[in-house]
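These are my notebook entries on one protein chain. I record what I looked up and how each term is defined.

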Amino acid sequence: MVDAEKRKVGDRGQITLPKRLRDAFDIHGGDEVTVREDGDKIVIEKPTSREELAEGYRRRADRHRELADETATLSREANNLLGDAPEWEE
């Protein structure tokens, strides 16, 4: 974690984000940020872009398909070794 930088709050509650952080988080003038309370802290976050969100969903869907394929393979192997499950009687 990098050392904190002090900033003065203007009369209207405004602060200037350090250039180092604006560059690191790709924040430009006019961009929106999310400001929220987290316990006794104020957190400023760059919102997730639609592109970043879509990429996250694509990765999750790909992983879901991989797991489904792996599970299907394991199920076939189990059926080959154990045979079909017996019928349950109530």
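I began with the terms: helices (H or I, at least four residues) and strands (E, at least two) are DSSP runs, numbered from the N terminus. I note that this is a predicted model, in which local features need pLDDT of at least 70, side-chain atom pairs count only at pLDDT 80 or more, and totals for chains, interfaces and linings use all residues. Residues are numbered from 1 along each chain as its sequence is written, and side-chain values use heavy atoms, with hydrogens and water left out.

Entry 1, the annotated span. I found that UniProt, in an unreviewed entry, places the feature "domain: SpoVT-AbrB" at residues 4–49; such annotations may be inferred rather than shown by experiment. Residues 4–49 are 13% helix and 22% strand, and their end C-alpha atoms lie 26 Å apart.

Entry 2, the strands. I looked up how strand 1 (residues 34–38) and strand 2 (residues 41–45) pair, and the sense is antiparallel, over five bridges. Pairing requires that DSSP finds at least two bridges between two strands. Thr34 has Glu45 of strand 2 as its bridge partner. Two residues lie between the strands of this hairpin, where Gly39 takes a positive phi near 65 degrees.

I read the order of elements from the N terminus as α-β-β-α. The radius of gyration is 25 Å, well over the 12 Å that the globule rule gives for 90 residues, so the protein chain is more spread out than a compact globule. The radius is taken over C-alpha atoms, and the rule is 2.2 Å times the number of residues to the power 0.38. I also noted that 3% of the 90 residues count as buried, meaning under 20% relative accessible area (1.4 Å probe, protein chains only).

Key. Buried means under 20% relative accessible area, exposed over 50%, partly exposed in between (1.4 Å probe, protein chains only).
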